[in-house]
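Thanks for coming. I have one structure to go through today, so please look at the screen.

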Amino acid sequence: MWLRVNLNKQRYKRLKTSRSFWFLVGLLMASWFGYQQLKSEFQRPQALLVLGGATEREVFAAKFARTHPELPIWVSSGSNPEFAEWVFSEAGIKSDRVHLDYRAVDTVTNFTTLVDELKARGIDSVYLITSDDHMRRAQIIGEIVLGSRGISFKPVAVPSGRTPEPMQKALRDGARAILWLTTGYTGANFTQARIE
């Protein structure tokens, strides 16, 4: 009986320590995300980052860029170059402001292929433009990938009329962003293999 009481006390101590540990981890993560959000509120964006995947994002970005004439525009794996150039030209955006990049194959690589280039150009804050149904996933990845280089962002959602993506996609790609952060590997090949 004494042994059973002692074992229960030890389990309780471990459980209490474990709860404290996870509470502390959660508190630190919440503080970090809160800091990033606060930082992005006070930093003025220096560029537009448009995630490809839907032509309405580029059309929206072209209109948005007219109200921010000093900002360069980065489009990651959007529509074909001819269409993208036409959209921005029709909106009166000079071609030297528009940077089309086609290296990305998915949302995670939208960020990982451009983050170092943005940082090298001294860009510390961007407007992140994507569809509203895609924004949750983009924000999670952006917090990890852009945040790892000290780049903050302000989300600008493009109305799509679609329901938000499932949380599983956001969590999966968040894990892939952490994988990239720790190993340099995005897992894009694995994702593409599963899609095909």
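Which residues are buried in helix α3, residues 81-90? Ala 84, Val 87 and Phe 88 are, where buried means under 20% relative accessible area, exposed over 50% and partly exposed in between, with a 1.4 Å probe and protein chains only. Helices (H or I, at least four residues) and strands (E, at least two) are DSSP runs, numbered from the N terminus.

Before going on, the ground rules. This is a predicted model, in which local features need pLDDT of at least 70 and side-chain atom pairs count only at pLDDT 80 or more, while totals for chains, interfaces and linings use all residues. Residues are numbered from 1 along each chain as its sequence is written, and side-chain values use heavy atoms, with hydrogens and water left out.

The mean pLDDT, the predictor's confidence in each residue from 0 to 100, is 88 for the protein, and 83% of its residues reach 70 or more. Over residues 191-196 the pLDDT is below 50. Beyond near neighbours in sequence, that stretch has three contacts in the model, a contact being heavy atoms within 4.5 Å.

Back to α3. Ala 84, Val 87 and Phe 88 are its buried residues. They lie on the same side of α3 because they cover an arc of only 90° around the axis, taken from the directions from the helix axis to the C-beta atoms. Their cover includes α2 (55-66), β2 (73-76) and β3 (98-101). On the face turned away from the buried side are the exposed residues Glu 82 and Glu 90. After α3 comes Gly 92, with a positive phi near 80°.

Lastly, Leu 24 is in helix α1, residues 2-42. Leu 24 counts as partly exposed because its relative accessibility is 48%.
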